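Please open the model in a viewer and keep the selection panel at hand.

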Amino acid sequence: MTISDPRTPRRTVLRTASAVALGGLVAAAAPATATAAPGPPAAARPPGPDADALPALRRAARPLADLRPLEDMVGAAAIVGVGEATHSSREFFRTKNRIFRHLVEHRGFTTFMLETPWSSGVRLNAYVLRGEGDLRQIMEEEFQSSYLLWRTREYLDLLRWMRQYNLRRPDRPVRFAGNDCSYAGPELFDAVTAHVAGRRPELLPRLRALYASSRPVGTLHEWTVRYLTRPIPERTAMAAEVAEALALVESVPAGTGAAAREHAWAVQHARAIDQVGGFYTHDYFASAEARAEMMLYRDRIMAENTVRWHRLTGEKVLLSAHNGHVGYESARPEYPRLQGAFIRDLVGSAYVCAGFTFGRGSFNALDLDDPAEPIRRFSVGPAGPGSNEETLEQVRPGNGNGNRNENYYIDMRTAAPSARRWLGRTRPTRSIGNSWPDAPLDTDLLSSYDVLIHLPRISAADRI
């Protein structure tokens, strides 16, 4: 999830659920009402499309109703990142769900990975694979603070579909995973401790001592608030303890076959605990440089967790996160480098990503002016003149003969030169994170994503 306003006072960040967890140090003093952000001054507005750009964009556009061309766009990719231009709009979630199902059925994908803690993924995967636990309760316990935006009917439907799919296809199950580093739930500590108890019980006293300070007590939200009140030297000492614990677990003999696989997962769980400790050694409030270092760390860790999951399981992965994480180029100074760029470094062309734009509509976002109801619904009208969306709203799939309100997607890598020239110019583009209002970002779509998906209308997700 994305950061909006680093100037928010520390007391405000700790006061509300919206400003803790995940990158969930999201903080913006949102007013009670919001309207579409204005475009840049007239003199600074980029020029409109070249004379032949719009027809070229129309020729390249494919109706989103037909996902078959997407198979060629994905090609041999093993990891497909699918973004979102807001964190809580129904159409983004539903489109991802459709794409995932299509890739499961036609391209052999089996993992849906979400921008949520690794330990949350472990719990939700246990439900998806084996039906363990009550799904609504798990979502309520895992999707807290900034993760509240995931507690929607759309994600409930996806997870239920995954469970039903596995009941029908136990020979080829689908899985759910998280890749974030803001929280490590008690199940990770239990799994690591049990592994060491079975392999090297003499190491247990030291392991338990190293984990004593970091093992969470209470809810995800309560733990995060407490952690953020700790001074940096104390957090640094805690990070050193969980790093030593990781080294201890890595020293356990791996074994062979099934034993080696079990060990690899135990090490990864210990690594996830270590990543959380490292994340909070950064002082988000200290300076702009410290914030950038924290977010650079986070995007790198999310990328490494995604690739590590792929390599441990051998499965193809759909990665779901904000545009500002799945893409290649950052438009925010507090995000020096994005997860998508790190993944591409690790796997090359085996990673493909798609970003979203939209014309108008509504979304859920955080409202820090109302602690009693930090998440509320906002609406925006058409984007301003000179924006990318202004022209994308004019595109009709199939040479302009499609429905004005039709959703479409474009493989920007294979579009005609005139379309690519237009797509490669930097223009204001909406990128709405956890909170609103948020100004458009100057974005070069061509450098940011491989595939562009445009939705003329969006609506706020159905919160549960």
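Begin with helix 4 and helix 7, which are roughly parallel to each other because the angle between them, about 15°, falls under the 35 degrees that sets the limit for this class. The model is a predicted one. Helix 4 covers residues 90–107 and helix 7 covers residues 153–168, and their axes lie 9 Å apart. The crossing of this pair is right-handed.

Next, display the side chains where these two helices meet. On the helix 4 side, select Arg 90, Phe 93, Arg 94, Asn 97, Phe 100, Arg 101 and Val 104. Their counterparts in helix 7 are Glu 154, Tyr 155, Asp 157, Leu 158, Trp 161, Met 162 and Tyr 165. Coloured by type, the residues of this contact comprise eight nonpolar, five charged and one polar.

Now turn to the aromatic rings. How many aromatic pairs does a search of the whole structure find? The search returns 24. One of them joins Phe 100 to Phe 112, with ring centres 5.4 Å apart and planes at 85°, an edge-to-face arrangement. Phe 100 belongs to helix 4 and Phe 112 to strand 3 (residues 109–117), so this pair ties together parts that are twelve residues apart in sequence.

Phe 189 is located in helix 8 (residues 186–199) and Tyr 211 in helix 9 (residues 204–211); the pair links distant parts of the chain, 22 residues apart. Both Phe 189 and Tyr 211 are buried.

Finally, show the whole chain as a cartoon. Its secondary structure amounts to 18 helices and eleven strands. The chain has 464 residues, of which 58% count as buried. Among its contacts between residues at least 6 apart in sequence, 78% join residues at least 24 apart.

Note on methods
Residues are numbered from 1 along each chain as its sequence is written. This is a predicted model: local features need pLDDT of at least 70, side-chain atom pairs count only at pLDDT 80 or more; totals for chains, interfaces and linings use all residues. Side-chain values use heavy atoms; hydrogens and water are left out. Axes are lines fitted to C-alpha atoms, for helices over the stretch in contact, and angles run from 0 to 180 degrees between N-to-C directions. Helices (H or I, at least four residues) and strands (E, at least two) are DSSP runs, numbered from the N terminus. Angles under 35 degrees count as roughly parallel, over 145 as roughly antiparallel, 65 to 115 as roughly perpendicular and the rest as oblique. A crossing is left-handed if the near helix is turned anticlockwise from the far one by less than a right angle, and right-handed if clockwise. Contact means heavy atoms within 4.5 Å. Ala, Val, Leu, Ile, Met, Phe, Trp, Tyr, Cys and Pro count as nonpolar, Asp, Glu, Lys and Arg as charged, and the others, Gly among them, as polar. Rings of Phe, Tyr and Trp (its six-membered ring) pair if their centres lie within 6.5 Å; planes under 30 degrees apart count as stacked, over 60 as edge-to-face and the rest as tilted. Buried means under 20% relative accessible area, exposed over 50%, partly exposed in between (1.4 Å probe, protein chains only).
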